[in-house]
Amino acid sequence: MKNSTKRLSALLLALLLIAALAVTGCKKTPEAAPTPTPAETVTGNPGADETTAAPLEIITLRTSTKKNCTSTPWVVGEAQGIFAKHGIKIEYTGEIDDTLPAVLSGANDLDVDSPGTLALQVAEGTEIVGVGFNQVDPDNDSIDRKYQHMRFYVSPDLGIKTIEDLKTFNNGGQIKISGVGSANCLTFIPQQVLVHAGLDPERLSFIGYDSDTAAIQLVEQGDLDIAGIHPPFYYLAEEEGLIQLFDSRDAGLGAATGVEIFYFTKDFVEKNPEAVQRFVDAITEAQQWGLEHPEEAVKLTGEYIGREVNAVHYFFNGSNVSGSDVPGKLIQPWIDALVDFGSLEKDQVKVGDLFDARFISNLNIN
């Protein structure tokens, strides 16, 4: 009887050990690692086989909230889990007008702006550097013009319908157009359109406005001659019966016309190159997804900004800009324009001064 009891006890103990091993073997979820600050070293290999790679530690990057036409890749990156895939978490810190001071102060880690604006800042000694590209204009005429960075509308009461009509408009005098700041899409694009058409860009008189919808209203009221409108709001201009006078393709600069650049401080990039690479990989993959799923991207953008959207900007996907010198092709025209208008001296700022090309050269997207 004692031997039977011993055998039964041994059997029960063996079964318990087997059960414990089985439970341990099924536990695949690792303990959550603490989220590092942007300045901390991050680990992992985004390109490794998911079955063998160690899970990425998550790094949080802070930026301003973008409830506007530039929001698509950010929205797609969140909704499709692309940021998470690359071990990136985006923390939005609110809608602000002056995004650069927030980056310089360390309140935010990154933001996005035009090559012209960044070139002027670099010329003044500001320690920032671009690392990736946001929207670009379509690089060829086979792509629908609805993806252009901007369209420019006039009231039918103005009596003009083409760029050619601008030659005699107001007896060759001033043209009132929506625009704020300098060296951004609002000013650069119409200036280049006039240059390309053989007109004097000095005729443009830029008038500040609060939004694309406000610009439409000002044109209807006769307070503006031309309203520059971004893709989400084309439908509003057309609903109001405005006439499209030209779009950004008429600048003749191809992909460079509407480009914007993601930037960090130079100090951040020097200390956190892996974090920067992961961000560039993630945002570029999100842009690629938007190009491959345009209707879904439009829907996600409209839901996020709370507006009807009928198109989004044409986004950089790592390969849709022709030529070997992509930074040069996208940035140099902006620098040249600043030199032409006397805002920069020739060779005062070079492409390499404001853009670090290694991150787009080392893209790792699927």
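At what angle do helix α2 and helix α11 pack, and how far apart are their axes? In this predicted model, α2 (residues 72–79) and α11 (residues 294–305) pack at an angle of about 100°, with their axes 9 Å apart. Since angles of 65 to 115 degrees count as roughly perpendicular, that is how α2 and α11 are therefore placed relative to each other.

**Where α2 meets α11**
- From α2, the residues Thr72, Val75, Val76 and Ala79 take part, and they meet Ala297, Leu300, Thr301 and Tyr304 of α11.
- Sorted by class, this contact has six nonpolar and two polar residues, with no charged ones.
- As a reminder, an α-helix has 3.6 residues a turn, so residues three or four places apart point the same way.

**The largest pocket**
- The largest pocket holds about 1,400 Å³ of space.
- Its lining is made up of 40 residues, and Asn68, Ile96, Asp97, Val180 and Leu186 lie nearest the pocket's centre.
- Two or more lining residues come from each of α4 (99–105), β3 (111–113), α5 (115–123), α6 (185–196) and α7 (212–221).

**Helix α5 and its surroundings**
- Besides giving residues to the pocket lining, α5 has these buried residues: Pro115, Gly116, Thr117, Leu118, Ala119 and Val122.
- The cover over the buried residues of α5 includes β3, β4 (128–133), β10 (261–265), α12 (326–340) and α13 (351–354).
- Just after α5 comes glycine 125, with a positive phi of about 95°.

How values were computed: Residues numbered from 1 in each chain as written. Predicted model: local features only at pLDDT ≥ 70, side-chain atom pairs only at ≥ 80, totals over all residues. Heavy atoms only, no water. 1 Å grid on protein atoms, 1.4 Å probe; cavity = no way out; pocket = protein on both sides within 12 Å on 5 of 7 lines; lining within 4 Å. Points joined across faces, edges and corners; volume = space filled by probe spheres on them. Helix = DSSP H or I, 4+ residues; strand = E, 2+ residues; numbered from the N terminus. Buried < 20%, exposed > 50% of the residue type's maximum accessible area, 1.4 Å probe, protein only. Contact = heavy atoms within 4.5 Å. Axes fitted to C-alpha atoms, helices over the stretch in contact; angles between N-to-C directions. Parallel < 35°, antiparallel > 145°, perpendicular 65-115°, else oblique. Nonpolar A, V, L, I, M, F, W, Y, C, P; charged D, E, K, R; others polar.
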